[in-house]
Every structure is written in C-alpha cells, then in structure tokens.
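Please look through the sequence and the structure shown here before reading the report that follows.

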Amino acid sequence: MNPSDFEFDKQHIWHPYTSLISALPCIGVVEAQGVELVLHDGKRLIDGMSSWWSTIHGYNHPRLNQAAKDQIDRMSHVMFGGITHPSAIALSRRLVEMTAQPLDRVFISDSGSVAVEVALKMAIQYWVAQERPEKSQMLTIEHGYHGDTFAAMSVCDPINGMHELFNTVLHQQLFAKAPQIGFDQTWQDSDIAPLEALFEEHHHQAAAIILEPIVQGAGGMRMYHPNYLKAVRELCDKYDVLLICDEIATGFGRTGKLFAYEHSEIVPDILCVGKALTGGYMSLAATITTQAIGEMICKTKAGVFMHGPTFMGNPLACAVANESLLMLQENNWQSQVANIEQRLKLHFKPFSALPQVNNVRVLGAIGVIELHNPVDMESIQAAFVAQGIWIRPFGKLVYIMPQYIISNEELERLCSGMYNVISRL
Ligand SMILES: *Cc1c(COP(=O)(O)O)cnc(C)c1O
C-alpha cells in the first residue's frame, strides 16, 4: 500500500461511523496471523479487539481456512428457498445442541442487525397470530446496542445521535432505566423497579423485551447483575411478553458461560447470535426460537414467517461456522476464557490507581477501563499503534476482548501497552 492508496481511501471509502469530510487516519493491514495484525510497513500489532468480538480462534487459522476451501470447492452458495444443504443442517444441529432447551428452531441470516430484525418480526408476528396485533411495541433498557438497521436502531440507547437524527421514522419503543448494580455487587430488588413499572403500564402493547444479557456492549460496556435478568424472565412470564436475548456480542463463551443467559439460569424465548459465530471469518448470524413460538408465528394469514434474505444459509459461511463451533468445544473454551479473566483482573489492578480512570471491570474475556474523560481518537490510536497493540476505544471507554487463543505473554504485552498509553493521558 502506498500513500496514494491511503489518500484514495480517505476520499472515497466510508469506514464505520466516520466522516467523509474529516476522516481520521486508518492503518493499513495486509495480513493477520494468530492474535497479530500485520501492517503494510511490516509492523505487527497484538489485536485487543478480536475484530469486534468475532475472531475468537485467531486470524488465519488452518482449520477454518481448510473448512472454507473444502466448501468453496464444492459450492460457495446456493439459494435457500426450496433448497437445503449439508452445511446449514450441520450448523443448525450444532446450534440446537449448544443452546438451552427448548430453543430449537433456527433462522440463519447474514448479519447481526438482520438477526435482530428477524427476532423483532418474529415477536410481532407471534402476537398477530394470536389476534393481539396491539402487542407490537418493544420494551428495552437504556444503554443497549442492537445494530444499525431501522428496527434495531429503534431499540438502541435513545440518548445518542441515531435516535435524534432518525426520530421522525423510528418506531417509538419503551425504555426503562438500565440496571445499576454491577455483576459482582450485592443485589437489591430496587434495581428492577423501573422495568417492573414499565411492564405494569405497557404490557398490553408490548410484544417482547429485547436486551443484551449480562454485558451491554457497544452501548456502554456495562456488566449487570444476573438477578436482574432473572427478574426480567419472571416479568415476561407474569405479563405475557416474549424475552429476546441479543447474544451477538456475548455468545460463544465470551462472558465465561457459553451464553450469557446461563449466568442467570434462564432461557430466552428468542435468541440472536452472530459475531463470533464464524470465528470472525465472514458475516453470519442466527435467530433461534422454540417450536411453540415458531409454529404460532406460522398461524397468521400469511401462513409463513415473512423473511428470507438472498444469502440466507450461505454454505460457505455455514461451513466455517460449523468448524469454528467444533473448535470452540475442542479447545476447551472454559479454561481459555477463565485464564484470560484471571489474568485481566491481575493486569488491570494498577489501572484503578490512576487518576484518569473512573472504573475498571472484567468479566470473562472482556476487560474495560472507563476513563473520566472521552479520549482523543486520533492521538490515542497512534499511541496504541506505537506500543504495538490494536485497541479501538469509544468515548470514555478503552476496552479489550482478546482472542481466546492469546498466550499469557501476549496478553501481558497487550495490557502493559494499554497501561503505558492510559497512564500518560
Ligand atoms: C454487533 C452487534 C449487533 C449488530 O451486528 P452486525 O453484524 O454489526 O449487524 C447487534 N447486537 C449486538 C449486541 C451487537 O454487539
């Protein structure tokens, strides 16, 4: 990559949530291997982001590469309408096995946002089938993030640009104050009171509640108490509202449980997964529900569930996902994630003493440093790169969610690079 490539990029290519007028510089990555990104100038960075929660087995893994190659030599894609294929069947079998009973009806889609759209449509269609079309609104909590498409946006935290900007077209959903009691703190029933009040007042018009179980990701990297989710399940049962768990970030072991809802020993009615599903190789997601809900949905006049993406069940993505989930089980993710958690807690201790730092929290393979002030993206990104690490903060949050295969030594380098940058802010 030469300077004109970077110049072209800057002028012509949009990156996530960036300006075309004042774009911050991008680094050029030409290769990636294990936990390392290889830059165009040969420099190597330890990746602390797992490319947004997804590359849990590391980059360029021979088994995932082979799964992709085997599948591409047979069939890269085939339409899913009226056609099925071994990769989708194998993947769905595995998803049914891994998730709690009675979750066993799988809708495969192409991205997390679409999986959320599908979940919301399922919930609405479920109530239409029961001749209760007035139950069409969504309950949710503040600080959530569920994707960038319109219905997904409508249930994202309302205090950000997306709601303000798209206010005239977004569905008006019903928000409760987010849980305040942290994962490790002492539970008090008062934490659920705002949501309980919302259920009481609005359950007649509520199709479902959607939330990220235990860890709220892009809306604030918040980790809340398992009793909160338990109480949500009870409210859903009491008031006849479906529970949608968005595990697109938390799924597949990230929080120390295979799915974060297991911390609360509950089962959602609808589950969304994505991100780590293919080990970060390509975009794939799924929405999983129960037989009872799935069959009810199909009792509307339409007779079918009204959704079907062109690339639904893409064989290439399904084959890689299938191999990734197999590796997850074989690699003993429990001990990988428990080891990362233990070491993150150790390495993050010195951060608590820094005056710049407001809060330090760790759960599973997720480590969050919350600062008092928002970071300056351009300078902090350059500082991290100079330390040989890749971390992409937002606002006051500097956080990492490393690959499960990271070595103790690499994790230490990642954390000490992070400390060098934050302590000098
Ligand atoms: C990333 C994310 C999404 C959206 O997934 P995309 O693949 O980016 O569309 C939805 N929900 C949660 C919790 C996420 O972290």
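## The ligand and its surroundings

A polar side-chain atom of Lys 275 sits 2.6 Å from an oxygen atom of the ligand, and a polar side-chain atom of Ser 113 lies 2.7 Å from an oxygen atom of the ligand; a polar contact here is a pair of N or O atoms within 3.5 Å. On its own the ligand has 380 Å² of accessible area, of which the protein covers 82%, areas being computed by the Shrake-Rupley method with a 1.4 Å probe.

## How the model is read

This is a predicted model, in which local features need pLDDT of at least 70 and side-chain atom pairs count only at pLDDT 80 or more, while totals for chains, interfaces and linings use all residues. Residues are numbered from 1 along each chain as its sequence is written, and side-chain values use heavy atoms, with hydrogens and water left out.

## Salt bridges

The count comes to eleven salt bridges, each being a side-chain nitrogen of Lys or Arg within 4 Å of a carboxyl oxygen of Asp or Glu. Glu 36 pairs in this way with Arg 44, their closest N and O atoms being 2.8 Å apart. Glu 36 counts as buried because its relative accessibility is 18%, whereas Arg 44, at 42%, is partly exposed; buried means under 20% relative accessible area, exposed over 50%, and partly exposed in between (1.4 Å probe, protein chains only).

Glu 36 also forms a salt bridge with Arg 413 (4.0 Å, N to O), and Arg 413 is partly exposed because its relative accessible area is 39%. Through shared partners, salt bridges join Glu 36, Arg 44, Glu 409 and Arg 413 into one network.

Definitions and conventions: Polar contact = N/O pair within 3.5 Å; in protein donor to acceptor, adjacent residues only side chain to side chain.
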